[in-house]
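The sequence and structure come first.

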Amino acid sequence: MIPLLIYVGIFVVAFFAVRAVAGGIARTGFSSLKTVTFGDESAVTPDRRASVISILTLFFLWATFTGSALIPSFLHMPGPPLGLHTFEHTVQNAEGETDTATVTFLLFETEQDAEGNDLPDPEPPVVEPGDGFALNDSLIIEAYGSELARLQDNDELTRDDGTTIVAVNGQPISPGDRLDFGFGTISMSTRGSLNILPDQGWQMEPIWLPAPESVAVRFWDILWNGFRNFSLAEHLGYSLFRVVVGFVLGALVGIPLGYAMGLSNWFRGWFDPIVEFMRPVPPLALIPLVIIWAGIGETGKIVLLFLAALWIMAIAARAGVSGVNISKVHAAYSLGASKWQIMRHVIMPNSLPEIFTGARVAMGVCWGTVVAAELVAAEQGAGMMIMVASRFQNTDIVILGIILIGIIGFGIDILMRWAERILVPWKGRS
Amino acid sequence: MTGLAIRNVSMRFDLPGGGAVQALENVSLDIKQGEILSVLGPSGCGKTTLLNIVAGFLAPTEGVIELNGHEVHGPDAERGMVFQKGALFEWMSVRENVSFGPRMKGQRAAQYAENVDHLLDVVGLQDFKEKAIYELSGGMQQRVALARCLANDPDVILMDEPLGALDALTREKMQSLVLKLWKETGKTIILITHSVEEALLLGERLIVMAPRPGRIHKEYNLPFADEGVDADLREVKKNPKFAEVREEILGMIWDMEEEIMGRTEAAQ
C-alpha cells in the first residue's frame with residue numbers, strides 16, 4: 001500500500017512539476033493547428049519526459065525499498081534498526097523478591113564475501129554479569145528474524161527455582177502480553193519466555209527483492225561465469241533457437257494450410273474443425289502431453305512451439321486469402337493471369353499484411369510458451385534459469401531472468417515491426 | 001464476324017430463403033468493333049450483372065455472349081476490365097501494375113517496355129512510373145487502371161463506373177482521356193455509369209436499362225462522343241440537343257425510381 005501511494009504521489013507531482021517548469025509538449029506539424037485534440041487519438045503522442053520519469057520512478061522505488069547503494073541513504077525507506085539495543089527485565093523469585101538485569105542484543109544482517117557465500121554470524125556483545133540473582137544477558141538477532149530468548153538460563157536462580165519475569169523496562173508483563181519499544185516488540189510466551197521481535201522497517205528483505213545493484217552484479221557474474229554449466233548466451237540462445245525453429249516450422253506448415261483453407265472447399269471442410277478446436281487450446285495446456293510423448297529434450301519443446309505457431313499462422317493466412325478484394329482477383333483474371341499466377345502475384349502478396357500480424361502474435365506466444373516449457377523442465381534456457389534460481393531462493397537471478405526475458409520479447413516485436421515496414425509498406429494504406 | 005454479341009441473356013439469382021430475383025431478362029445487344037457504348041439505369045437494373053457476364057465472371061442462366069464469333073466462357077485477356085476502385089496491386093509499382101498483363105503472358109521487359117512507357121505517357125504518369133500505388137491520388141490510380149488495361153491490348157474494354165469515385169473536376173478530365181484513348185486505340189468499350197451526363201458524353205450509343213426484371217428500356221445513338229474527341233467537353237454540353245436528351249433520360253430514370261419506390265411501399 002505504501003509503495004502504491006508513493007508511486008501515485010510521484011506521478012501526480014511529476015505531472016504538475018513538469019507542466020510548471022517546461023509546459024506541455026509542443027505539438028508539431030499538422031497537429032499543432034488542431035484545436036480539438038481531446039478525443040482525437042491521432043493527436044495524442046507519448047510525452048517522452050513522462051516515459052523517462054516513469055522508468056526512473058520504478059528504479060527509485062525499487063532502490064528505496066531495498067536500501068540500495070545507488071541512491072543516498074536519506075532516500076531509503078527505514079530499514080531494520082541494526083546495531084546494539086538494550087532493555088531491562090525484572091525477575092521475581094519464589095519468595096517475591098525482584099531483581100533487574102539488562103539484556104543487550106545485536107541486530108545484524110548477514111553479509112556475504114566476494115563469492116557470495118554467507119559470512120559467519122557475529123559474536124554476541126560482551127557484557128558484565130552484574131549483581132543480584134538475575135544476571136545481564138547478551139545475544140544476537142538476525143534482521144527480519146525474531147528470538148525466543150531464554151534469559152533465565154544463565155541466572156543464579158532459574159525457572160526451575162520458581163522465578164518468573166514480571167516486567168520489561170519497568171512495564172509489567174504476563175504470558176500473552178505484547179509490549180512495544182523503540183527497537184521492536186517484546187511478547188511473552190505462554191511458558192513465560194520473552195520473544196524479541198525487532199522492528200523490520202519498510203524495506204524488503206533481499207530474499208524477497210534484492211537491490212538493483214545486486215541484480216547487476218549477478219548479471220555480470222553470470223555473464224562471465226555462466227549458470228548451471230551453461231553460459232548466459234547459451235541459456236538465452238537455446239530459448240531463442242527453440243522459438244525460431246518452432247515458429248519457422250509452424251509457419252512453413254501453417255501458411256500453406258491457411259492458403260489451402262482459403263482456396264479449397266475440401267481443405268476448408270477438413271481442417272476447419274481441427275483449427276477451430278485447437279485455436280482456443282492454450283499451448284501451455286499441451287506441455288504435459290508433449291513431455292509424455294516427446295520427453296523434455298529439444299524435440300518436445302520444438303513440437304510444442306510448432307503447435308503454438310501453427311494455428312495462429314494458419315488462421316492468419318486464411319484471413320489473408322479471404323481479405324483479398326475480389327476486384328483484384330477479377331482484374332488479374334481479365335489481364336490473362338492463370339490460377340498459379342494469381343496465387344503468386346495477387347493472393348500471396350495481398351495476404352502478407354495479415355501474415356505479418358499473425359507472425360507477430362505467434363512470435364509473442366512462442367516466446368511466452370518456451371519460457372513456460374522451460375519452467376517445467378529443461379537443461380538450459382531462460383525459463384530454466386529462473387526456475388532453478390527460485391528453488392535456491394536466488395531472487396536476484398529470478399529478477400534478472402524476468403528482465404532479460406522482457407527485453408528479448410520486446411526486441412523480437414521491434415524486429416518484426418521493422419521487417420513489416422520494410423516488406424509490407426502498403427499495409428493500411430490502400 | 002467481328003464485334004461483341006449479347007444474345008438473349010437472362011440471369012436469375014436464387015435467394016437463400018426461397019424465391020428468386022430476375023436480374024436480367026432476355027437482353028440482346030450487338031456491339032460493333034470500335035464502338036463505345038454507355039449503359040445507364042437506376043440501381044438494381046442489372047447493369048453490373050450484365051458487365052460481369054460479359055467479362056466472364058458470371059455465367060448467365062440463359063443466353064450466350066459471343067466475341068468475334070466465339071462463345072465467351074470465363075474471364076480472358078481479350079476482355080479487359082476497369083473497376084471503380086481497389087483493383088490495383090498495391091505491392092507493385094505503377095510500372096509493374098501496367099506491365100502486369102504482358103508479364104503474365106511471359107513477355108520479357110524488352111518486349112513490353114516501350115509500349116508500357118508510351119501508355120504511361122498517354123495517361124500523363126511519366127513522372128510516377130516507379131511510385132507506389134498508395135502514393136497516388138484517386139484520379140491517378142484510375143489512370144493507372146486504364147493504362148494497365150490497355151497495355152494488355154484487349155479487344156473489348158469493360159468499365160464498371162470507372163470514374164464514380166472521383167471528384168467532379170478530375171472526372172471531367174478523365175472523361176476527355178477516355179474519349180481520347182477510345183479514338184486512338186479503336187477499342188470496343190462498354191461503360192457503366194450512374195451519371196447521365198457522363199453516359200451522354202462518352203456513349204456513341206446509350207442504353208437505358210429498366211429494373212425488375214433488368215432489361216433494355218431504350219436505346220439512343222448520339223453524336224456527342226465524336227464531337228468530344230476534339231472539343232472541350234464543356235462546349236459539348238452547351239449543345240441544346242444535349243440538354244434535351246439529358247432531360248428526357250433523367251425523366252425516364254426518375255419515373256423508374258418512383259415506380260420502384262411505389263412498388264416497395266405497396267409491398268409493405
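## Overall build of chain B

Chain B has 10 helices and 10 strands; here helices (H or I, at least four residues) and strands (E, at least two) are DSSP runs, numbered from the N terminus. With a radius of gyration of 19 Å, close to the 18 Å that the globule rule gives for 268 residues, chain B is as compact as a globular protein of that length. The radius is taken over C-alpha atoms, and the globule rule is 2.2 Å times the number of residues to the power 0.38. The C-alpha trace of chain B spans about 60 × 45 × 40 Å along its principal axes.

The model is predicted: local features need pLDDT of at least 70 and side-chain atom pairs count only at pLDDT 80 or more, while totals for chains, interfaces and linings use all residues. Residues are numbered from 1 along each chain as its sequence is written, and chains are lettered from A and ligands numbered from 1 in the order in which they are written.

## Burial and contacts

Of the 268 residues in chain B, 42% are buried, a residue being buried if 20 or more other C-beta atoms, placed from the backbone, lie within 10 Å of its own. Two residues are in contact if their C-beta atoms, placed from the backbone, lie within 7 Å. Among contacts in chain B between residues at least 6 apart in sequence, 69% join residues at least 24 apart.

## Two domains

Chain B is divided into domain 1 (31-60 + 72-78 + 157-267) and domain 2 (88-153), with bounds from an automatic or database domain assignment. Their contact takes 11 residues from domain 1 of chain B and 11 residues from domain 2 of chain B. On the domain 1 side, helix H6 (residues 168-185) of chain B gives the most, with five residues.

## Nonpolar core

A nonpolar core is a set of buried Ala, Val, Leu, Ile, Met, Phe, Trp, Tyr and Cys residues joined through C-beta atoms within 7 Å. The largest has 81 residues, of which Val54(B), Ala147(B), Leu158(B) and Ile190(B) touch the most other members. Helix H5 (residues 138-151) of chain B gives the most to this core, with seven residues.

Not counting residues up to four places away in sequence, Val54(B) touches Ile6(B), Ile65(B), Arg79(B), Leu158(B) and Ile190(B).

## Side facing chain A

In the contact between the chains, 21 residues of chain B meet 17 residues of chain A. Strand E6 (79-82) and helix H3 (100-104) of chain B are the elements that give two or more residues to the chain B side.

Technical notes. A residue is buried if 20 or more other C-beta atoms lie within 10 Å of its own, exposed if 12 or fewer, and partly exposed in between; C-beta atoms are placed from the backbone.
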